[in-house]
Amino acid sequence: MESLSDKIASNIISLSRFIPELVLVGGVLVLILLDLFKKKKLLLPFALTIIIFCIWQLLRQWGLELQLLFGGFLKLDQAAVAWRVLLCLATFVSLLISIRSTDLRLKGEFYTLTFGILIGGHLLIMSSHLLILYLALEIMSISAYALTLFAFNKAGSEAAIKYLIFGAVSSAIMLYGISWIYTLTGSLFFMEPEFTDSLLNAPFLSFVIGICLVLVGILFKAGAVPFHVWSPDVYTASPTPIVALFSTVPKLAAIAFLLKWLLIIHLFGLGPVDWIMLLSAISMASILFGNFSALRQRNVKRMMAYSSIAHTGFLIIPIVPLSEQATKGFFFYSIVYVLMNLATFMIIHFFERKENIVGIKDYAGTMKTHPLLSVLLVVLMISLTGIPPTAGFTAKLLIFTSLWESYSSTANPWLLALFTFGLINTVVALFFYLKVPFYMTFKPGSSKAGAKRSNTYCFENYFAGLMVLALLILFFKPDWLLDVINKINFAF
Amino acid sequence: MSTILFFLPLLLVFAVLAIYGERKISAFIQNRYGPMETGYYGLLQTVADLLKLLQKEDIVPRVASKALFLVAPFVIFVAVFAGFSVVPVLPTWQGASINTGVFFLLAIVSLDVIGIIIAGWASNNKYSLLGAVRSASQIISYEVPLTLSVVCVLVVTQSLDLQVISFQQGVLSNSYFADAENYLFGLSFANVNTTEIGGVLTWNILRAPVLIPVWIIFFITTLAESNRAPFDLPEAESELVSGFHTEYSGFRWAIIMLSEYGMMLLTSLLGVILFFGSWNTPFPNIGSIKLASWTTGEVGSMASVFWAVLWLLIKTIIMVFIQMWIRWTYPRVRLDQLMSLGWKYLTPAALVLLFFSALWRLMMV
Amino acid sequence: MALISIALVIFLIPLTAFAMNVIAPKSRARTASYISIILLLISTILSSILLLKIGSESAVTRMDWFTVGSYTFEVGVLLDFQGVLLLVIVNMVSLLVHIYSVLYMAKDPGYTRYFGFLSLFTFAMAGIILSDNLLMVFVFWELVGLSSYLLIGHWYSKDSAAKASKKAFIVNRIGDTGFVVALCIIWYQFGTFNLDEIQVLMESSQLQNGSWVSGLSALPAVWLSFMGIGLFLAAVGKSAQFPLQVWLPDAMEGPTPVSALIHAATMVAAGVFLMSRVVVLLDLTTLAIIATVGSITAFMGAVAALAQYDIKKVLAYSTISQLGYMLIGIGTGAYEAALFHLFTHAFFKAALFLAVGSVIHSLHALKQKHNLNIDAQDMRIMGGLKSNLPVTFYTYLIAAFSLMGLPLFSGFLSKDALLVASLNWSAAVGQLAYGVSLLAFATVTLTAFYMGRQLLLVFFGDFRSGFSVSEIQEGGWHFKVALIILCTLSIGFFWSFNPFDYMSSWLLNTLPAKLNSTPQFDLEVRDATNHSFVGVGSIALVMAGVLLAWLKFKPGKILTFAESDQLSFLERVSINNWYLDKFYERTILSFIRWLTLVLAQVERKVIDRLVNSFGWIGVIFSFVVGWLDKVFIDGLINFSAFFSSQVGGMTKSFQYGKVQSFIIFALVSLALIIFLIL
Amino acid sequence: MAYFKNIISAAKTLSKGLGVTFNHIKESRRSSNQVGINDPSYFSEFESGINTLQYPHESIPVPDNGRYKLHNEIDDCIVCDKCAKVCPVDCIDIEGIKATEIIGKTSDGTSKRIHAAKFDIDMAKCCFCGLCTTVCPTECLTMTKSYDFSVYDFADHIYSFATMTPLEILEKKKLLEQSEMERTVAKPLPSKPKPVIKPKLSISSKSEEIAAKPKPAKPVFKPRPMIKKKKNTDD
Amino acid sequence: MTEVTFYFFGILTLASAIFILITKNVLHAALSLVVTLLSVAALYVFTNAEFLAVTQIMIYVGGIVVLIVFGVMLTNDVSGKTIISGSVNRLSGTIITLTVLVMLIYSGQELTPIATKVHNTASIENLGEHLMTTYLLPFEIAALLLLIALVAASIIAGHDLQSKIS
Amino acid sequence: MIPAEHFYYIGAALFSIGLAIVLTKRNAIMILMGVELMLNASNINFLAYNKAGSLDGQFFALFVIVVAAAEASVALAIVLKVYKHFKTINLDKIADIKD
């Protein structure tokens, strides 16, 4: 038994490794104060500064060895640093998207809740204790429920209550799963050997039920089928910057955690259950539902919701084989996904604000009125489909390569099924992604879009252009990024 | 069991006397006599009223939801009365010794909101419902500063057990804690040891003078918790026709009133125990004049019982008196004033004071 | 090293041109187009130099692209004779099309866009040609598809153009699926995409006991066929072969120069080129399939061209037919003959298209002048244009002769080589394989017929539009330069010193003789014994075709054009392209539509079915209860009220958006998952 | 900062308020002296001490000219009916019976000619205006110091001042009828028959002069309808 | 005696929970929830988790249920109509619930208690010390969570007010 | 001492009842109540299986209660918002978003 002062000392040491998150929490407080003292104009610049500062602090942790913080509640390794940087960047861009909507930009609460999601994501990435898992998921959920409502209209409230009820039930189910696992193992530190030992000795049925119940909560956050049903409504009804945030930060954090969780429940390959089958099925179902439901959508944001469900399926693909290479491909895919999705939402948001365009059909003729943006959107859609010459292709190539590699070494038929299924669906995806460019270029514009020609050349469009450029560069020179990723040890 | 045996009669007697007292005090403040006719100086007036209430018809409105309507006063009463179970009366006796004492008290007392809501809703009367909703929001809001202010004391005393807290504040602290030491104003560096002096100097409010503002917050919030003026919006005779108990009459109304006075007593007792030395004597030992020890008595002796009950009741009655005094001094606040007082003033202040209390505690050790 | 730098310069020049055209402001559009012409000229010259330098050698330069874990993806440049020659042709045709387009597109609002996409296409094509690994090929393959899509849809305001571009893109994607599958098999078997490595590995691989062993890995032999078929499927998509040829006629909605460049000369040839690149990988089964499909396509295309009235459609079907020829060459093992035909075809078909473009341009001018409501591409209103469009006429004549396969022209040489190869192959394989040769020879006659028909309808006889033919004027020097250069290159001398003997062609002699290293591939098909017979026979067949055309459409004969419902069966088959579109519409497309409809609603349907079935159980139960009610207690009214409320509740619960149903759905899925695991 | 100023001012005012009420409690040890209105300190000493009067047991001295309950000295009353006529609320109910001869003299020497069969004052209606006392010719109707006339029954507020018994009334009526009949028999041509028909109005000529006075005084009472009107418009 | 009390509270818990399930009146359900939560608190006492029991009463009964009751009252016509909640998915809900119950109980039988049955009594001091040392991080996260929930609830509920003011 | 299994059975039953409420009730607030029951079921498990010498279970339960409070506050705020817009919190009738 450690003495009290030892514990305090170790906590203080841990705090020094916890600075990025402390920066964020401090930022939340300062933002609330700024809001309180009516310095609304300062909110956005300050929030962005905080995130940059946080990234800087994260980069200072880059070379660190694996460390356990706060007596093992958190595990800090290189992968965690990389993931957190990615989440910070995603949040940064999402906030940038909001620059156009004054109703969000001038609300202090918007920033508090956004940071809440970000902090939840950070904790989820680092967690190695089931309590932290639960708390992190709840922080994200509660922030997300409120953010869903930020349009403050009828649709927003409807989406929020659906999200809320679905989320509350999933988290309750997950909690019951956690309690179940606790009864099985008597431990909550899931990264510790005792935990896995006791799971190995656990009765089969109980083991399966407990793990599956916990999976519910994670998959809910990731928006994977069959726990995806909230996302179309939420994506449709929420303001676009918030949707952009939803489609990246919680999703990636949850799937990154899913990877970790999968490693554990695999029990060093000794476990009685073939989780590959389960996750392949979920991935396939997500891709199927996502792509096919997207086919008939009329609202761009709703289409993007289904697209993100499908992408969840694609993101799960590389974590199924549990190989180091696949994990790297996963990270690469995540980066590309963040770039594609956020840039897309940036442009969608621009059209929504400036031209009041939400339906896919309303995009008709925008190629004439906003050529630059339309070209960017075309490239983005191509990238989302996964066709060269964009990084979307490279990313899909990477994950499918590693999947195939894994199949050839294990010969698990599920992997093959997943492989072929994923490929076929890439073709299906084309049909709905290209609907937008199709309308943009090949349909005469209605008077609505063509009447006034608003200025396309504004800050966030240049930013979207930069991201598209990054996508193209990542296609031609993925090495620049992959070199960095290859240096990260993803804990295998 | 002993709790019921002791506190139920106490509560009844207290209620009778307090109602009488309240009428008298209100009268005096308004330059009146108050009840004078029944009994000597009007002493039996409340008894007469009580008798009248008991024989009144128990009216249940036709559209009320009957079961809830009937049970609500008892819920309120039970919630309040359960709070008494952890209150220490003597050094040697306390209703139930559970180590989460104060916490339990606060928790169980917060249940009376439920009773009030049931009462208000079951009456099926819009005044009642408004009163109930007001009452609930008020009680919930003020629970925050109340708990915080109690926590301030707990930070200083380091215990949740009210009996332990009582022992700490007097000359008996040594008999209970082997190495307990009290310093003047809690400033251990000043090195004025008051352990043997006892009396008023070892009361919490002087052990750590930071608790004086805490007590003020505590007191204000207890007023709100027990729906006393100036926070009696839930009852607001003039606007809501007595709020949640508009539809009650007779015996059930009496029980509601009994609960209200019980709440007064309970909060006063709690205040006395937490801040004003519980059953300890106010007189200090001055040199060889052992006023404190004389007015405390040997633990377990009859003298001790007498002194303890005496001091506790005196202090409590003073507190009750202050509550009444305040009631007849201030006008009723508006709902927004109530909320802004609770959230904008009391809660932040309590938080700041919590910080200072912790500092004080650090100095005491 | 010098070679690789030249190659890179050639590779990047079109990209520069593309970027320039995109950036260029509207007011400087023409300047930009001229600059890109100059750039392309440079790149044509450079590629010619490259061709001279490379000779029959091949050079590979390679570098790392990116690394994932232990894998390294590489990019590299493969320079060999066939590639560089195609590069020259692509650049040259592209250059000429650029020049041509300056006039043709002069008044088009999308001028810069057009030139930008042309350059982009050239860039992508160069990428396909120069890539040394299949992955890169695939990348540029997609890019080519994209730029084709953009160019077909150039006049996107036209509904038919938009539809055509979509159709082209989608049909191509079907082929690409095959490419991806093939890539996977290749990756699994060889662990590399590099063409030269694949060749070496393939040569060392063997077929043993029904399994295909290469290096360390082994697959069932059937995978070898699958791989070949997959690659072939890609070529089928891109080169518009049966059964995916439907997109090409529709693609004629694009501007005519685009049709000349992409849908006649280069892009469609990419499939054939790919086949020639991977010819080492094709086993006998695949080759037989390729030959069969090629011959079928050649015949079907020719038949479809017979009765078309749209001047461009004739050429489009002709292209399909000729591409079929090329694939016959691949399938019969004469890949060099196929390439030969590819190169010759590139020139004369481009010339034909540009000539036709000139005709259309002129008629369009007429149409605008008189503000007519006519279709400028309809042959039924043309006729007798030879006097007023002399340059067009003569170039068209030369190119048409070349296409028909008359001696002295390039087409004769390459077609001869193909026919010989097919006959040899049929002889070697035997029996049914003669069908391939038969179709190939039949096509010769049909080709001569429809080309003769077009020639006669357009340039001879009377001008049938009701205006004086003198109102028709030929386009400027841009047209003439392009036409003359292209038709000059269609003359046989440029390809072979002896214009009657393809064996003496410098091209065929430079190409490496036998590439096919598939196990058990031991057919000797480069036998020229049948040559003289085939040459004479084919000339006779051509003559027969021309004669038929002359008889039917000779000048002076009064032509009546039947309405579509009065057409003969053959004509109907022809004009409707064997009813393929309708067939697809009825079967595959409607199936896909049905599938998407079903699958898109699966989400709600699954849930609803669930609820539905529970509801049904409830209804049945209530029915039973109600029946008991009715029988035993006279509760008919009660029953009907109960029943209707049940049904009402049931229908209400079908409403979309019920979060609890979703939860039930999720839970049931969860339970299914758990049971799945158990 | 307004926030802290708020707190300080609140604390100040609240403690001030507490001080005020506490002073009251302190003062409540004693009762304030019950002084009458005549006392010069009547208004000045209002604040301190309990002001309540324990009424049945004690009361404030009333000044001698207090105008509370009406009292009629029936012996001096000549039943002239003026008070009933002038009363704005009609709270005086009088019934007189003409006597056949002078029945007596009042204290100031006026001779009484009419019996007072009924002289009721309804104090519940009375508005204490005092008009009746001013018109009373014999000053028999006066307002007294007595202000406590609380009763259990409403009807008990009607005070009867007539002292005649019902028997006496009957007798006097009979006497009057008799003398009337005698007069009609003796003098067939009476000067005026009217007083016969309306006995109430058959007043002596002297009283008729006085009765004329109220007529010009009527405008004084006119304001009543005016006030009513005003109220109506207010509503 | 302990057992009897335990089973009494256990049955009370389930009975009141079932009452929530079957009642149509939302307010009755809310009040029944109070009973459930209180008896769950009593069950906590049997695991020697006194502090948790009191916390349960304080937060759940004193806070959450009151919030719920508020919700009930604010989302209904207060003029006294009974607040009725109909039910949906009766059959499917029942089937699923029964499946879950059977599954839980069935697998609960094979649940060999690895954790010991000795419930150790945690003194408040002990709890407090752990909260400030071992559980410092979750404690702080919970604080942040509450802050965020506060902000969230205030922005949701107070938005109209804000927009009215500005 | 009460065996831990008995707690477990009560918890499991409570969980199922909560689930049934969530699945079958139309009223959003009822569903929230069901969720609270489910959370309580987990808490019973945590406390009943708290290992000797460790406080993990107790702390987990404590934090669950805290989270439940936070969630309930946000949830009711949302429910009120929904009521404001839809004039009902009957989940069947809250279905405006269509694709």
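## A friendly tour of a predicted model

In this structure, the charged end of A:Lys154 sits over the ring of F:Phe86, 4.9 Å from the ring's centre. A charge is said to sit over a ring if NZ of Lys or CZ of Arg is within 6 Å of the ring centre and within 35 degrees of the ring normal. The model is predicted, so local features need pLDDT of at least 70 and side-chain atom pairs count only at pLDDT 80 or more, while totals for chains, interfaces and linings use all residues. Residues are numbered from 1 along each chain as its sequence is written, chains are lettered from A and ligands numbered from 1 in the order in which they are written, and side-chain values use heavy atoms, with hydrogens and water left out.

**Charges and rings**

- Chain C has a charge over a ring too: the charged end of C:Lys238 sits over C:Trp141, 4.9 Å from the centre of that ring.
- Across all chains there are 79 aromatic pairs; rings of Phe, Tyr and Trp (its six-membered ring) pair if their centres lie within 6.5 Å, and planes under 30 degrees apart count as stacked, over 60 as edge-to-face and the rest as tilted.
- B:Trp203 and B:Phe276 are edge-to-face, because their planes stand at 90 degrees, with ring centres 6.2 Å apart.
- B:Trp203 lies in the loop between helix H8 (173–176) and helix H9 (204–207) of chain B, and B:Phe276 in the loop between H12 and helix H13 (291–294) of chain B, so this pair ties together parts that are 73 residues apart in sequence.
- Both B:Trp203 and B:Phe276 are buried (buried means under 20% relative accessible area, exposed over 50%, partly exposed in between, with a 1.4 Å probe and protein chains only).
- D:Tyr3 and D:Phe4 also make an edge-to-face pair, 5.1 Å centre to centre with 90 degrees between the planes.
- D:Tyr3 is partly exposed at 26% relative accessible area, and D:Phe4 is partly exposed at 47%.
- In chain A, one aromatic cluster is formed by A:Tyr145, A:Tyr163, A:Phe166, A:Phe220, A:Trp230 and A:Phe246.

**Cavities**

- The whole structure holds 19 cavities of 30 Å³ or more; on a 1 Å grid over the protein atoms alone, a cavity is a set of points where a 1.4 Å probe fits but cannot get out, and lining residues have an atom within 4 Å of a point.
- The second largest cavity has about 110 Å³ of space, where a volume is the space filled by probe spheres set on the points, joined across faces, edges and corners.
- This second largest cavity is lined by 13 residues, and the closest to its centre are B:Ile76, B:Asp112, B:Ile116, B:Asn227 and B:Glu260.
- Helix H12 of chain B gives the most to this lining, with 4 residues.

**Backbone and domains**

- A:Phe152 has a positive phi near 55 degrees without being a glycine, and this residue is in the loop between helix H7 (130–148) and helix H8 (154–185) of chain A (helices, H or I, of at least four residues and strands, E, of at least two are DSSP runs, numbered from the N terminus).
- A:Phe152 is buried, at 13% relative accessible area.
- D:Asp90 is another non-glycine residue with a positive phi, about 55 degrees, and is in the loop between helix H2 (82–86) and strand E2 (92–98) of chain D.
- D:Asp90 is exposed, at 52% relative accessibility.
- Chain D is divided into domain 1 (31–61) and domain 2 (70–170), with bounds that come from an automatic or database domain assignment.

Definitions and conventions: 1 Å grid on protein atoms, 1.4 Å probe; cavity = no way out; pocket = protein on both sides within 12 Å on 5 of 7 lines; lining within 4 Å.
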